[in-house]
Structure formats: C-alpha cells, structure tokens
Amino acid sequence: MLGIFWTDWDHEPTLEDARSLFAARAAYVWKRYDGDVMDSTRVRCNPARLGVYPALEMSGYWSNSRSVAGGCYETFFVYEAREKLLWAIDLLAFAPGVPKHPLFRELRAMGETFRY
C-alpha cells in the first residue's frame, strides 16, 4: 500500500525529529489504517532521497490486532518550505509468505513519482 499524508511543520526534518515523526506516523496509521501500531523498539531513521527531494526515511514494523496482520513499512518525510508542510510518503506491505523486497522496489518506484 502507498499512502500520503501531511502535517504542518516549520523546518527540514532531521534525525533529532525522529520521536515527533514517529508520533505523527503512529497517529496517522492508527486512524487511517484501522488500528495499525508500530513497534517502537524496531524503528530506524536515516537521511535519504525520494526522487528529486531530500528526505528522512523511517522504517520498521507494523501490526494490527484487529485484522491479525503485520509487516514492514518505509515512510519518507519530505519538507515543503514554501507552504511549511511535511509530506509523508508511506509504503507498507502485508504479504504473508511472499518476499517483500520486490514489492518494496515497486512501491519505492511509485513513491518516487511524488511531486508537491
């Protein structure tokens, strides 16, 4: 799945923002993905690029006890200074028994078409 959301923000995201970004994504996925939660003990943030934009990439694992599902996710946070918006391009896979790497290559390719 590829999801896009945004929030008001006033600066380029850095590694020091990891907790705030985790909280923003956690609130979004709980509401929009019907109760998904993220494993806070297995999350990683790194500087990255998404297409033409500098980004901060967050990756880790999600689960949902309502639908007995889970998997991995990658979220790219991209800052738009003019509007003071932080865009989140959210990639996640639920594919039991299927290799995730090919799925994420396709998701990243679609995510890299993002433009603001």
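**Helix 2 and its surroundings**

Mentor: The buried residues of helix 2 pack against strand 1, strand 3 (44–50), strand 5 (69–80) and strand 6 (85–93), where contact means heavy atoms within 4.5 Å, and helices (H or I, at least four residues) and strands (E, at least two) are DSSP runs numbered from the N terminus. Please keep in mind that this is a predicted model, in which local features need pLDDT of at least 70 and side-chain atom pairs count only at pLDDT 80 or more, while totals for chains, interfaces and linings use all residues. Residues are numbered from 1 along each chain as its sequence is written, and side-chain values use heavy atoms, with hydrogens and water left out.

Helix 2 itself covers residues 100–111, and its 12 residues reach 16 Å from the first C-alpha to the last, close to the 16 Å expected, which is 1.5 Å times one less than the number of residues. Its buried residues are Phe-104, Leu-107 and Gly-111; buried means under 20% relative accessible area, exposed over 50% and partly exposed in between, with a 1.4 Å probe and protein chains only. Viewed down the axis of helix 2, these buried residues fall within an arc of 60°, so they line one face of the helix, the arc being that of the directions from the helix axis to the C-beta atoms.

Strand 6 also takes part in one of the 6 salt bridges of the structure, a salt bridge being a side-chain nitrogen of Lys or Arg within 4 Å of a carboxyl oxygen of Asp or Glu. In this pair, the side chains of Arg-25 and Asp-90 meet at 2.8 Å, N to O, and they link distant parts of the chain, with Arg-25 in helix 1 (residues 18–32) and Asp-90 in strand 6, 65 residues apart. Arg-25 is buried at a relative accessible area of 1%, and Asp-90 is buried at 0%.

Strand 1 (residues 2–8), in turn, gives the most to a nonpolar patch, with 3 residues. The patch is formed on the surface by Leu-2, Ile-4, Trp-6 and Met-110, with about 390 Å² of accessible area together; such areas come from the Shrake-Rupley method with a 1.4 Å probe, and for residues only the protein chains shown count as cover. Patches consist of residues with over 30% relative accessible area and no salt bridge, like charges being joined within 9 Å and nonpolar side chains (Val, Leu, Ile, Met, Phe, Trp, Tyr) within 5 Å. Trp-6, placed in strand 1, counts as exposed because its relative accessibility is 51%.
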